[in-house]
Amino acid sequence: MLNSLYGNLKDVLEMTWPTLFISLILLISVRLSYIWKHKCKFVLHKEILLLFFALYILCLFQVVTAQDINISNGNNFIPFAEILRYKPLGRLFVKNIIGNVVMFLPYGFFVGKYASGKNFILTILLIFLASFSIEFTQLAIGRIFDVDDIILNVLGGILGYIIYLFFERIYNILPKIFKTDIFLNILSIIFFGLVVSGIVFMII
């Protein structure tokens, strides 16, 4: 299963790295110019998190519109019909079931961070809206609408939101020294470096 997840992630990165690279340059240059022009306070760890959010949205758009990740005979409007079709932990199960869950983990985290906070109902609504808009768009452009994808996306978003709440609780009980901008900036640089290194490793 881990090999299948790694292979799927590698395939996604090979497809999206041009978007990542170009968007990274454009977003950083425009954001730094805006901060300089408007004399805004620059906080590195906050900027890096916002950057990851923007890059995630761009890559999500590319994946759901340029690649049909749902192998099916047609549109599916019956809940769990596609989910129950796959052999547990098989290649297609990992790609289409686990993949749809994992794909929305970051969205749930970012929704909690930037939009809903501790409002669980609002979180569900925002995650559902995002997933439904994807499936509706796929139907409109001649691809597949699958209600099971919405179910799996919402599940992934909820898990991502739970991860956000977990980190938020951990952050609240940390000593003050670990909440300083200096410490969080250093942590963000390390994390950013690890992510970039991992992406480069996968695509070369």
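The exercises below, each with a worked solution, concern a predicted model.

**Exercise 1. Compare the span of helix 2 with the expected one, and list its buried residues.**

Step 1. Helix 2 covers residues 44-66, which makes 23 residues.
Step 2. At 1.5 Å a residue, the expected span is 33 Å.
Step 3. From the first C-alpha to the last, helix 2 reaches 32 Å, close to that expectation.
Step 4. The cut-off for buried is a relative accessible area under 20%. The buried residues of helix 2 are His45, Glu47, Ile48, Leu51, Phe52, Leu55, Tyr56, Cys59, Leu60, Gln62, Val63 and Val64.

**Exercise 2. Repeat the check for helix 7 and name its buried residues.**

Step 1. Helix 7 runs over residues 181-203.
Step 2. Its 23 residues should span 33 Å at 1.5 Å a residue.
Step 3. Leu184, Asn185, Ser188 and Met202 are buried in helix 7.
Step 4. Ile186, also found in helix 7, counts as partly exposed because its relative accessibility is 48%.

**Exercise 3. Describe how helix 2 and helix 7 meet.**

Step 1. The two axes come within 8 Å and cross at roughly 35°.
Step 2. On the side of helix 2, the contact is made by Leu44, His45, Ile48, Leu51 and Phe52. Helix 7 contributes Asp181, Leu184, Asn185, Ser188, Ile189, Phe191, Phe192 and Val195.
Step 3. Sorted by class, the contact has nine nonpolar, three polar and one charged residues.

**Exercise 4. Characterise the second largest pocket by volume, lining and residue class.**

Step 1. The volume of the second largest pocket is about 310 Å³.
Step 2. Its lining has 13 residues, and Ile28, Arg31, Glu47, Ile48 and Leu51 lie nearest the centre.
Step 3. Helix 1 (2-38) and helix 2 are the elements that give two or more residues to this lining. The largest share, six residues, comes from helix 2.
Step 4. By class, the lining divides into 11 nonpolar, no polar and two charged residues.
Step 5. Glu47, Ile48 and Leu51, listed among the residues nearest the pocket centre, are also buried residues of helix 2.

**Exercise 5. Locate Lys39 and Phe80, and state the phi and exposure of each.**

Step 1. Most residues other than glycine have a negative phi.
Step 2. Lys39 is not a glycine, yet its phi is positive, about 55°. Phe80 likewise has a positive phi, near 75°.
Step 3. Lys39 lies in the loop between helix 1 and helix 2. Phe80 is placed in the loop between helix 2 and helix 3 (91-103).
Step 4. Lys39 is exposed, because its relative accessible area is 68% and the cut-off for exposed is over 50%. Phe80, at 44% relative accessibility, therefore counts as partly exposed.

**Exercise 6. Is Ser116 buried or exposed, and which residues does it touch?**

Step 1. Ser116 is found in helix 4, which comprises residues 105-116.
Step 2. The relative accessible area of Ser116 is 8%, so this residue is buried.
Step 3. Leaving out residues up to four places away in sequence, Ser116 touches Val111, Leu122, Thr123, Leu126 and Tyr161.

Key:
Residues numbered from 1 in each chain as written. Predicted model: local features only at pLDDT ≥ 70, side-chain atom pairs only at ≥ 80, totals over all residues. Heavy atoms only, no water. Helix = DSSP H or I, 4+ residues; strand = E, 2+ residues; numbered from the N terminus. Expected span 1.5 Å × (residues − 1). Buried < 20%, exposed > 50% of the residue type's maximum accessible area, 1.4 Å probe, protein only. 1 Å grid on protein atoms, 1.4 Å probe; cavity = no way out; pocket = protein on both sides within 12 Å on 5 of 7 lines; lining within 4 Å. Points joined across faces, edges and corners; volume = space filled by probe spheres on them. Nonpolar A, V, L, I, M, F, W, Y, C, P; charged D, E, K, R; others polar. Axes fitted to C-alpha atoms, helices over the stretch in contact; angles between N-to-C directions. Contact = heavy atoms within 4.5 Å.
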